[in-house]
Amino acid sequence: MKYASITERLAGLGGAKWEIHARARKMKAAGTPVLEFTIGEPDAPCPPELIETAARSMESGRTGYSNGRGEPGLLRALAARYSTRRGRHFGPEQVMCFPGTQTTLFAVLMALVENGDEVIIGDPMYATYEGLIRATGAQPVPVTLRPEHGFRLRVADVAAAITPRSRVLFLNTPHNPTGAVLTRDDIAALGALAVQHDLWIVSDEVYEDLVFDGVAFASPLDLPELAERSIACASISKSHAAPGFRSGWCIGPADFADRLLPLSETMLFGNQPFIADMTAQAVNHPSAVAPGMVDRFQRRAGLIHDRLNGTAGLRVHCPDAGMFALIDVRETGLSGEAFAASLLEAEHVAVMPGESFGAALSGWLRFALSQPDDIVLEGCARIARHAARLLDKAA
């Protein structure tokens, strides 16, 4: 039997990147206590008032078909949110709603690129991004993000990667897995390059509400000169601790939204009205859970740095946002994959190998900050013990 070429393009780009996580879950299911620092899931429950809104909406009969663009109330709420946050007017006609950021990015990229095109993207990158790009037939062009530059995308590196086939500059700010946040000046300089080469800018901003104290968030939507080419994508998964509700959106030029509508209708034939009502309430008010997560994640990143940085050859990169810290394990002589696999077996600690996020993070680990402080400290102790054991063996 024959299969479509997309199955070949995506082979090895799905579950294989999450092998350590899957192995840890199997061990836990079999009764082995495992400290799990793999998945970026909020450490707070979804606010009860949002769940109550969704329930009331269902009880009132809001369970029928919607439309491919989104429920009018949610479109208005998102337009108002972005008008306030970005300091310029956005209308409901510029918004499209989807089930989560992942589906949003898939649809957006399907509308912008195809076979033979190139998408410029930072390396490391979130584990699904390569698959999102390759699904369209386009090729990802990785641009190395360097720790000595705070893992922020640099204009000179992007300029060197541009070719006649370049179509999209894909930004992720705040960044997963590094926690880097692009400054307004960074975005202005990258935007000028996009204008010069007529590139679209797609910006995944799902961590916008999890920026740490003293750090300012910026978006390409802030800059009117980038209005005709910028599309921002986000959801309530992180900001409102609601990943299971799968409620996301994109906002950009009205013409782009109009062109995206038939694709949305083909994929989904509408979203769930009761989830749209819940999401409208969420975006109309400040998040009840985001400030607490910011405080906890920033504190835990500091704990990891204090306990591990300089210990047994380890180095820690603290984030400016989000829910992950990075640990450099290269001095142990192992790759991130080998270290993570041996750590799971020896110490029953599950972390993500940096290689799951791109070649630039080879020899690193991604450590989720979503466990309680005492569990984080215990995880740090086990990681330090394992690294010291590896160094002793190598001596």
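Which residue in β7 is the bridge partner of Ser203? It is Ala232. The model behind this report is predicted.

**Strand β7**

Strand β7 covers residues 230-235. Of its 6 residues, 6 are buried, so the strand is largely enclosed by the rest of the structure. In a regular strand, side chains alternate between the two faces of the sheet. Both faces of β7 are covered. One side carries Ser230, Ala232 and Ala234, all buried.

Strand β7 pairs with β6 and with β8, as the table sets out.

| Strand joined to β7 | Residues | Bridges | Direction |
|---|---|---|---|
| β6 | residues 200-204 | 4 bridges | parallel |
| β8 | residues 248-251 | 4 bridges | antiparallel |

On the β8 side, Trp249 stands opposite Ala234.

**Leu210, between β6 and β7**

Where does Leu210 sit? Leu210 lies in the loop between β6 and β7. Is Leu210 buried or exposed? Its relative accessibility is 1%, so Leu210 counts as buried; the cut-off for buried is under 20%.

What does Leu210 touch, leaving aside residues up to four places away in sequence? Its contacts are Lys238, Ala290, Met293, Val294, Phe297, Ala321, Gly322 and Met323. Glu118 is 92 residues from Leu210 along the chain. The C-alpha atoms of Glu118 and Leu210 are separated by 30 Å.

Conventions: Residues are numbered from 1 along each chain as its sequence is written. This is a predicted model: local features need pLDDT of at least 70, side-chain atom pairs count only at pLDDT 80 or more; totals for chains, interfaces and linings use all residues. Side-chain values use heavy atoms; hydrogens and water are left out. Buried means under 20% relative accessible area, exposed over 50%, partly exposed in between (1.4 Å probe, protein chains only). Helices (H or I, at least four residues) and strands (E, at least two) are DSSP runs, numbered from the N terminus. Two strands pair if DSSP finds at least two bridges between them. Contact means heavy atoms within 4.5 Å.
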